[in-house]
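Reader: I would like a close look at one part of this model. Please keep to a single helix and what follows from it.

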Amino acid sequence: MNRRVYLAAVGTAASAGLAGCASVLNVFEDDETGDEGFDIGMNRNAFRPETYEASVGETVVWKNTSGADHTVTALEEQIPDEAAYFASGGYDGEQAAIDAWHESRGGGLSPRETYEHTFEVAGTYTYICEPHVKAGMIGEIVVE
């Protein structure tokens, strides 16, 4: 085989292989591009920002900006008494949302999916990502 042909073939194969690796790696990188379509991003193990300030009547939008599935699961004991419960997947309570995740990944947001909730009661709301809560993925909404 001609040396130039061999080197060209090896170079082409290496370039194609690296291009494929780059696209695979991008799936696992966080996409916090400042997209105006959401208020709170979800990276690998954190909500960004961890604390978000909202006004009564405001709709807050979360976007999964990572390569992992996430949930938004309110903690019933850490939201105002008069407030409506919220969780991705539309569950009526915390335990139902947690059980759904563990039984069938219910309420999971795949990469680039969004979830939104409108806050009608002033106060502080604490929520978690059920699959990543042990890694510290906890967020807070302060509604004024």
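This is a predicted model: local features need pLDDT of at least 70, side-chain atom pairs count only at pLDDT 80 or more; totals for chains, interfaces and linings use all residues.

In which loop is Arg105 found?

Author: Arg105 is found in the loop that runs between α2 (94–104) and β6 (114–118). Start with the helix.

Five residues of α2 are buried: Glu94, Ala97, Ile98, Ala100 and Trp101. Why do they count as one side of α2? They span an arc of only 160° around the axis, so they sit on the same side of the helix. The spacing fits a general rule. An α-helix has 3.6 residues a turn, so residues three or four places apart point the same way.

Now turn the helix over. His102, Glu103 and Ser104 are exposed, on the other side of α2.

What covers the buried residues? The cover includes β5 (73–74). Four strands make up an open sheet, in the order β3-β8-β7-β5, with mixed pairing. Its edge strands are β3 and β5, and each of these pairs on one side only. So β5, part of the cover over α2, is an edge strand because it pairs on one side only, by the rule that two strands pair if DSSP finds at least two bridges between them.

One of the bridge pairs is Thr51 with Glu140 in β8. A cis peptide bond joins Arg48 to Pro49, with omega about 0°.

Back to the end of α2. Arg105 comes just after the helix and takes a positive phi of about 60°. Arg105 is not a glycine. A second residue in this loop also deserves a look. Is Arg112 buried, exposed or partly exposed? Arg112 is partly exposed, with a relative accessible area of 35%.

A word on confidence. Mean pLDDT for the chain is 85, and 75% of the residues reach 70 or more. Residues 10–29 are another matter: pLDDT stays under 50 there, and the model has 6 contacts beyond four places in sequence for that stretch.

Note on methods: Residues are numbered from 1 along each chain as its sequence is written. Side-chain values use heavy atoms; hydrogens and water are left out. Helices (H or I, at least four residues) and strands (E, at least two) are DSSP runs, numbered from the N terminus. Buried means under 20% relative accessible area, exposed over 50%, partly exposed in between (1.4 Å probe, protein chains only). pLDDT is the predictor's confidence in each residue, from 0 to 100. Contact means heavy atoms within 4.5 Å. The arc is that of the directions from the helix axis to the C-beta atoms.
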